[in-house]
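Subject: Structure handover and findings

Hello,

Here is the structure for your set. Please open it first, then read the notes below.

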Amino acid sequence: PYAQFDLTELTRLRLDGSVVDVSFDQDVLGAQVSFQSFGGALRLDRRFSQASTVGVIADWEHVEPEVGIGDSDLYSVQLQWDYRLAERVSAYGRAGMRRSEFEVAGATPRATRVLKEDTPLFGAGVRWNFQRSDVFIDLQRTVSANSSGF
């Protein structure tokens, strides 16, 4: 679900939420593991002209695998620029950073450790709107946890 609010004529706020519950008949450790995931995103856009908008996106995701390693948390902040090139053509560019934190369970609770990694994120795309179809090219680098939490 999401909610979107126009704060002013030039400023928009969007709140997103997500919940995922995946269950496999047979878990395969490290490859196919039942898990639950939930998270959300906050996006604040500011329009600078009829053609140009800049937005800040902050999001968070929590992944809980049923077997294997412990929980994972992923946080990111990104800056996105949207630009309308013509009436039916638009483009965007995005850059940011994501922090991934995941627990590696040890033999005892004291042996459990949290691993952290920072990853650069980026993306760019172009979209053409036609009467009956949309064509788009979207290139991006992103990071997310797999079902086992890594």
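First, a term: a contact means heavy atoms within 4.5 Å. By that rule, residues 24 or more positions apart account for 44% of the contacts in the chain with a separation of 6 or more.

Some ground rules. This is a predicted model, in which local features need pLDDT of at least 70 and side-chain atom pairs count only at pLDDT 80 or more, while totals for chains, interfaces and linings use all residues. Residues are numbered from 1 along each chain as its sequence is written, and side-chain values use heavy atoms, with hydrogens and water left out.

**Overall fold**

The chain has 0 helices and 8 strands. Both come from DSSP runs numbered from the N terminus: helices are H or I with at least four residues, strands are E with at least two. Along the sequence the pattern reads β-β-β-β-β-β-β-β.

The 8 strands form an open sheet. Their order is E1-E2-E3-E4-E5-E6-E7-E8, with antiparallel pairing. Strands E1 (2-6) and E8 (134-141) stand at the edges; each has a single partner strand, so one side of each is left without a neighbour in the sheet. From one strand to the next, the twist averages 15°. For that angle, axes are lines fitted to C-alpha atoms (for helices, over the stretch in contact), and angles run from 0 to 180 degrees between N-to-C directions.

The chain has 150 residues, and 26% of them count as buried. Buried means under 20% relative accessible area, exposed over 50%, and partly exposed in between (1.4 Å probe, protein chains only). The chain exposes about 10100 Å², with carbon and sulfur atoms supplying 55% of it. Areas use the Shrake-Rupley method with a 1.4 Å probe; for residues, only the protein chains shown count as cover.

**Strand pairs**

Two strands pair if DSSP finds at least two bridges between them.

- E1 and E2 (residues 11-22) run antiparallel and are joined by 5 bridges. Here Tyr-2 stands opposite Asp-16 in E2.
- E5 and E6 pair in the antiparallel sense over 14 bridges. They form a hairpin with 2 residues between them. Leu-79 has Ala-95 in E6 as its bridge partner.
- E6 and E7 also run antiparallel, with 16 bridges. Ser-100 is partnered by Glu-117 in E7.

**Two residues in strand E5**

Ser-76 is found in E5, which covers residues 72-86. Is Ser-76 buried or exposed? Ser-76 is buried, at a relative accessible area of 4%. Its side chain makes a polar contact with the side chain of Asp-59 at 2.2 Å. Another polar contact goes to the side chain of Arg-98, at 3.4 Å. A polar contact is a pair of N or O atoms within 3.5 Å; within protein, one must be able to donate a hydrogen and the other to accept it, and residues adjacent in sequence count only if both atoms are side-chain atoms. Leaving aside neighbours within four places in sequence, Ser-76 is in contact with residues including Ile-57, Ala-58, Met-97 and Leu-121.

Gln-78 is buried, with a relative accessible area of 12%. Val-56 is 22 residues from Gln-78 in sequence, yet 5.8 Å away in space, C-alpha to C-alpha. Not counting residues up to four places away in sequence, Gln-78 touches Gly-55, Val-56, Ile-57, Arg-94, Ala-95, Gly-96 and Leu-121.

**Salt bridges**

Side chains of opposite charge can pair when their charged atoms come close. A salt bridge is a side-chain nitrogen of Lys or Arg within 4 Å of a carboxyl oxygen of Asp or Glu. How many salt bridges does a search of the whole structure find? It finds 7. Among them:

- Asp-6 and Arg-12, with the closest N and O atoms 2.9 Å apart. Asp-6 is exposed at 56% relative accessibility, and Arg-12 is partly exposed at 35%.
- Arg-14 and Asp-16, at 3.0 Å, N to O. Both count as partly exposed: Arg-14 at 26%, Asp-16 at 30%.
- Asp-118 and Arg-99, with the closest N and O atoms 2.9 Å apart. Asp-118 lies in E7 (residues 113-129) and Arg-99 in E6 (residues 89-104), so the pair ties together parts that are 19 residues apart in sequence.
- Arg-43, Asp-45 and Asp-82, which are linked in a network of salt bridges.

Best regards
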